[in-house]
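Here are some notes to read alongside the structure.

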Amino acid sequence: MGLTRKGLLMPLSAAVALAATTVLVAGAAAAPVDVEPVDVAPAPGAAAAPAPRADLSHHGYVSLWGDRIAIRIRSENRGPSDVTASTVRLRFSAPLAASQELPYGCLRGGKTTVLCETGGLRSTGGARQTALDLTLTGRPDEVVVRLDGVWSGGARDTDRTNDVHEVLTPATGDAYAF
């Protein structure tokens, strides 16, 4: 089950990621903040169930020209456990235009942030593709894109080196890999 936003069904993992990146103050608008995934300790006296382990990886490329930026992401799980849902966060050094057409499973997390659900990822089986074509405010000479996983369906990812990336993307129209 998911939550709705502007009449669209929002995947639960994206809703969780959005909640994890937003702080509400009475009378104030939502403001995105940087947070890292956290482990929740079991209640006192309760036996800790081991968290399933997974190795999520996100690779792809970024291309910038004019006020347009294109991102292609290939998300996969190298196991050993399946992941029921996961969410990747993209943060940009330049603000995105207010009006964006995002693919299903993606939503805005602020002026410079987009969150996308990658869906369930079986261990050692198949990858999910995410394609974003976004418009920026203005025409920057370069943009830094930061990509990281913020939700992994409760699985512990012990190798974060392949799912956290930072890419300097000059406005050349060329594809820069991550």
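This is a predicted model: local features need pLDDT of at least 70, side-chain atom pairs count only at pLDDT 80 or more; totals for chains, interfaces and linings use all residues.

1. One term before anything else: two strands count as paired if DSSP finds at least two bridges between them.

2. Now the overall picture. The protein chain has one helix and 15 strands. Of its 178 residues, 41% count as buried. The chain exposes about 9,800 Å², and carbon and sulfur atoms supply 56% of that area. Take the contacts between residues at least 6 apart in sequence: 69% of them join residues at least 24 apart.

3. Start with the sheet that holds β8. Five strands make up this open sheet, and reading across it the order is β9-β10-β8-β12-β14, with antiparallel pairing. Its edge strands are β9 and β14 (164-170), each of which pairs on one side only. On average, neighbouring strands here are turned by 25° against each other, direction ignored.

4. Look at how β8 is held on its two sides. With strand β10 (residues 113-117), β8 pairs in the antiparallel sense over five bridges. On that side, T87 stands opposite E117 of β10.

5. How many of the six residues of strand β8 are buried? Six of the six in β8 (residues 87-92) are, so the strand is largely enclosed by the rest of the structure. In a regular strand, side chains alternate between the two faces of the sheet. For β8, T87, R89 and R91 are buried on one side, and V88, L90 and F92 are buried on the other, so both faces are covered.

6. Is R91 buried or exposed? The cut-off for buried is under 20% relative accessible area, and R91 comes in at 17%, so it counts as buried. Across to D148, R91 is 57 residues away in sequence and 8.8 Å away in space, C-alpha to C-alpha.

7. Next, the cysteines. The count comes to one disulfide, and it joins C106 to C116 with an S to S distance of 2.0 Å. C106 lies in strand β9 (residues 106-110) and C116 in strand β10, so the pair ties together parts that are ten residues apart in sequence. Which hand does the disulfide have? The torsion about the S-S bond is about 115°, so the disulfide is right-handed.

8. As for how covered those two cysteines are, C106 counts as buried at 12% relative accessibility. C116 is buried too, with a relative accessible area of 0%.

9. Then move to the other sheet in this note. This open sheet has four strands in the order β11-β7-β6-β15, and the pairing is antiparallel. β11 (128-135) and β15 (175-177) are the edge strands, each pairing on one side only. From one strand to the next, the twist averages 15°.

10. Strand β6 (residues 56-65) and β15 pair in the antiparallel sense over three bridges. Within that pairing, S63 has A175 of β15 as its bridge partner.

11. Last stop: Y61, which is found in strand β6. With a relative accessible area of 35%, Y61 is partly exposed. Which residues does Y61 touch, not counting those up to four places away in sequence? The list is A70, I71, R72, A175, Y176, A177 and F178. As for A177, its C-alpha atom is separated from that of Y61 by 4.1 Å, although the two residues are 116 apart along the chain.

Technical notes:
Residues are numbered from 1 along each chain as its sequence is written. Side-chain values use heavy atoms; hydrogens and water are left out. Buried means under 20% relative accessible area, exposed over 50%, partly exposed in between (1.4 Å probe, protein chains only). A disulfide is a pair of cysteine sulfur atoms within 2.5 Å. Axes are lines fitted to C-alpha atoms, for helices over the stretch in contact, and angles run from 0 to 180 degrees between N-to-C directions. Contact means heavy atoms within 4.5 Å. Accessible areas come from the Shrake-Rupley method with a 1.4 Å probe; for residues, only the protein chains shown count as cover.
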